[in-house]
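Q: I have a model open on my screen and would like to learn how to read it. Could you take me through a few features?

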Amino acid sequence: MIDTYREGVLVKPYERLSQEQVRLLDKASLSILADPGIWCYNERAAKLFQAHGAKVWEDEKSISPCWRVTFPAGLIREAVAKAPARLVLGARKPENRLLLDAEVPRVYFGSGSEANIWLETEMEEFISVKDSDVKVKVPRFKELRGNSALLSRAAKLCDRLEHLDFFIRPLNIQDPEITSENHDVNKFFASLNNITKHVQAGLTTLKKLNDVVRMAEIIAGGIKPLRENPVVSFIACVFKSPLQIVDDTAEKVFAIVESGLPLVISSSPQGGSSAPIQEAGMVAQINAEILVGITLTQLIREGSPVLYGSVPVRARLDDLHDLYGCPEFNQYNIDCVQLARYYQVPCYSTAGVGDAKVPGMQALFEKLFTHHYMAMSGAQYIHYAFGLLDRTNTFCPVQAVLDNEQIGKIKHCLREPKVNQAEIDDMLKIVKKVMASSHRLYARFARKAMHRGDVSNPYRFETKDLEDKVIENALDYMEKLEAEPAQHLDQATQDQIFKEIPGILPSLKEV
Amino acid sequence: MDKQELLKTLAFNVVQGRVEAEDEGFDEGLEDQPAVTELVEQAIEQGIDPKEIVLEALTKSMEEVGEKFERAEYLIPDMLASAECVGVAMDILSPHLMKAGVKSKGTFVIATVAGDLHDIGKNIVAIMLKGAGYQIIDLGTDVSADRIIGAVKENEAPFIGLSALLTTTMRVMAEVVRKLEQEGLRDQVKVLIGGAPTSAAFAQEIGADAYCKDAFDAIDILKTTAV
């Protein structure tokens with residue numbers, strides 16, 4: 001398919017469910033789709049399902065136009081089987097492309113959400129009330145409203161984070177000049193002009209899809225080059241849980257699929273409110289929703305590139321907000337990864353979200369808990385993994401830097417074991433050599449592995465004294481990363497985009 | 001190979017950390033080419049002055065390795081590999097240097113003290129000091145104070161290095177210092193101590209001359225220490 005792509009990490013998947021349990025969940029999902037079926041608020045989708053054998057009738061009790069749809073299992077199975085098992089997500093730099101293969105548990109991590117808040121961090125010095133000679137530096141935080149300049153900054157920083165494999169715009173742009181009409185072209189341009197990795201986002205309005213696609217064509221070098229190297233792709237949350245297809249998102253699915261660009265069919269029910277909190281019920285329902293979404297894409301255009309997008313979360317039972325950093329989150333999500341593998345569709349999964357509002361111990365706990373576990377699952381495409389705080393409401397750049405370090409270590413930890421006959425032969429030779437030497441020290445034989453990157457480095461933000469300077473050290477490191485020049489689109493490409501695509505803020509042009 | 005080329009190749013191999021031909025070194029594709037052992041032997045066979053080998057190849061290359069370490073291009077295993085190369089070279093050159101009347105920088109008796117079997121740190125210090133030109137008398141692990149004093153006397157060593165990893169064995173270091181005093185040797189010997197539980201304060205408390213936090217510290221301290 002392609003020879004050059006990001007390495008990610010190839011893992012041996014940890015599977016929570018037995019194959020029998022996977023089959024039970026699959027049957028349960030199909031049973032839900034047979035009865036009670038779904039509530040479809042988009043006529044075109046309802047008619048398309050009907051044309052392919054679904055039972056469709058108008059729901060007369062509904063205030064908005066709504067069609068009830070029940071699916072024979074065969075329709076879902078046949079359509080899902082047509083979704084490609086392998087797809088490429090392109091990038092401005094060929095080495096940054098991603099190869100997603102449902103049969104290969106190669107894990108990529110990226111950013112996500114569209115947070116309204118950008119959390120800026122600064123260190124401030126405080127003097128002890130007991131001893132004025134004692135001073136400590138403490139991180140102080142300031143909330144800024146997301147805007148296009150900050151999204152550009154996020155993209156530029158994320159280009160420098162070596163363990164971030166793809167970029168989903170993490171920040172909502174709320175400049176005074178931004179309207180629903182020019183939101184899409186600005187968020188895609190701010191991203192694409194500052195990062196050489198894959199760029200993905202949802203569409204704010206269908207009206208601007210053609211402009212976004214044209215922008216991507218200019219960057220990729222034409223219509224055909226864009227199909228071969230789709231530098232952008234889209235996310236559509238076509239289901240409002242439980243089991244309701246949203247009208248305008250369904251229209252976006254039609255248009256995106258017709259454009260030929262890759263699409264994530266994402267669903268995010270909340271266990272305890274919009275889905276059962278019990279694992280079997282939650283997973284059966286979200287799987288049913290995603291299967292219908294994938295079916296829709298394949299009925300629109302057979303073989304269209306699609307990702308199985310699972311974002312099941314649990315409700316906090318004290319306030320019914322989403323609860324991400326908890327055991328059930330991992331359980332739901334890993335089950336979905338296994339189901340995606342069962343259907344042979346690459347999986348868009350989730351990790352790195354929590355309730356913590358600032359970087360620190362709580363954030364570390366919540367993120368590590370899901371980052372590591374979900375990487376072990378072998379999900380091909382893990383979003384939300386960088387910089388998010390306060391669930392998905394805040395993007396904090398220094399948190400993204402901290403997450404980068406954490407994800408790097410996880411990727412290292414999950415690398416394939418290097419145990420083979422040639423390696424064993426080498427090691428036996430080394431043991432003999434060292435035992436014949438005067439000091440019986442293996443250090444000399446560590447260097448090749450060390451310089452090859454086989455041996456991990458200590459935690460990048462460690463402090464050796466009796467203090468914790470992780471955030472301060474991460475801020476220093478971020479400053480260095482941000483001082484490096486950004487890899488903007490060349491001037492001619494920027495000029496052509498500005499000439500052809502209306503509505504992009506002039507301030508986003510980089511010289 | 002002419003003299004200059006041979007010395008240059010020798011220096012290169014020290015930087016590469018290749019003791020003998022079968023070693024792979026740091027860069028790719030060096031395996032089976034002559035390394036430090038073979039090149040030093042060849043240099044002697046060609047009649048190159050051993051002092052010149054030490055100064056032009058070994059010392060210069062270790063300086064380069066030190067600079068790489070300072071720039072964080074090299075880490076401890078790289079330094080050790082190069083130091084081990086110099087140690088091997090010095091073993092081959094020693095008789096020739098003695099014949100030429102050249103002395104080492106001094107004899108350094110090193111040991112992990114009685115009751116303690118940990119020797120990684122001690123070995124690293126021994127390798128690095130040997131690479132820096134000291135003659136090393138390594139007594140191994142679990143070494144009694146009496147044996148250490150005996151070795152100092154036998155070798156007329158002006159330096160002792162004592163290592164311990166356990167809080168329960170570090171006290172043996174004090175015993176060594178006391179015995180040196182009892183034997184009337186204290187003024188003739190500098191005592192350096194090191195190991196995880198030790199500190200500058202502990203060195204001062206037991207009357208040692210210096211605490212070394214690592215092998216590099218030991219080399220630096222020795223440079224400025226006169227007996």
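A: Gladly; let us begin with a pair of helices. In chain A, helix 12 (residues 397–413) and helix 15 (residues 470–483) have axes that come within 9 Å and cross at roughly 100°. Axes here are lines fitted to C-alpha atoms, for helices over the stretch in contact, with angles from 0 to 180 degrees between N-to-C directions. Helices (H or I, at least four residues) and strands (E, at least two) are DSSP runs, numbered from the N terminus.

This is a predicted model: local features need pLDDT of at least 70, side-chain atom pairs count only at pLDDT 80 or more, and totals for chains, interfaces and linings use all residues. Residues are numbered from 1 along each chain as its sequence is written, while chains are lettered from A and ligands numbered from 1 in the order in which they are written.

Q: How are helix 12 of chain A and helix 15 of chain A oriented to each other?

A: Angles of 65 to 115 degrees count as roughly perpendicular, under 35 as roughly parallel, over 145 as roughly antiparallel and the rest as oblique. Helix 12 of chain A and helix 15 of chain A are therefore roughly perpendicular.

Q: Which residues of helix 12 and helix 15 of chain A meet?

A: Residues are in contact if their C-beta atoms, placed from the backbone, lie within 7 Å. From helix 12 come Pro397(A), Val398(A), Val401(A) and Leu402(A); from helix 15, Ile471(A), Ala474(A), Leu475(A), Tyr477(A) and Met478(A). The contact has nine nonpolar, no polar and no charged residues. Ala, Val, Leu, Ile, Met, Phe, Trp, Tyr, Cys and Pro count as nonpolar, Asp, Glu, Lys and Arg as charged, and the others, Gly among them, as polar.

Q: What is the strand order in the open sheet of five strands?

A: Strands of a sheet pair through backbone hydrogen bonds, either parallel or antiparallel. Two strands pair if DSSP finds at least two bridges between them. In chain A the order is 3-4-2-14-13, with mixed pairing. Strand 3 (55–58) and strand 13 (239–240) are the edge strands, each pairing on one side only. Strand 13 runs antiparallel to strand 14 (residues 244–245), joined by two bridges; Phe239(A) has Ile245(A) as its bridge partner.

Q: Which helix lies across strand 4 of chain A?

A: Helix 2 (residues 43–51) of chain A does, at about 30° to strand 4 (67–70).

Q: And how many residues of chain B are in contact with chain A?

A: 14 residues of chain B contact nine residues of chain A. Helix 4 of chain B gives the largest share of chain B's side, six residues.

How values were computed. Contact = placed C-beta atoms within 7 Å.
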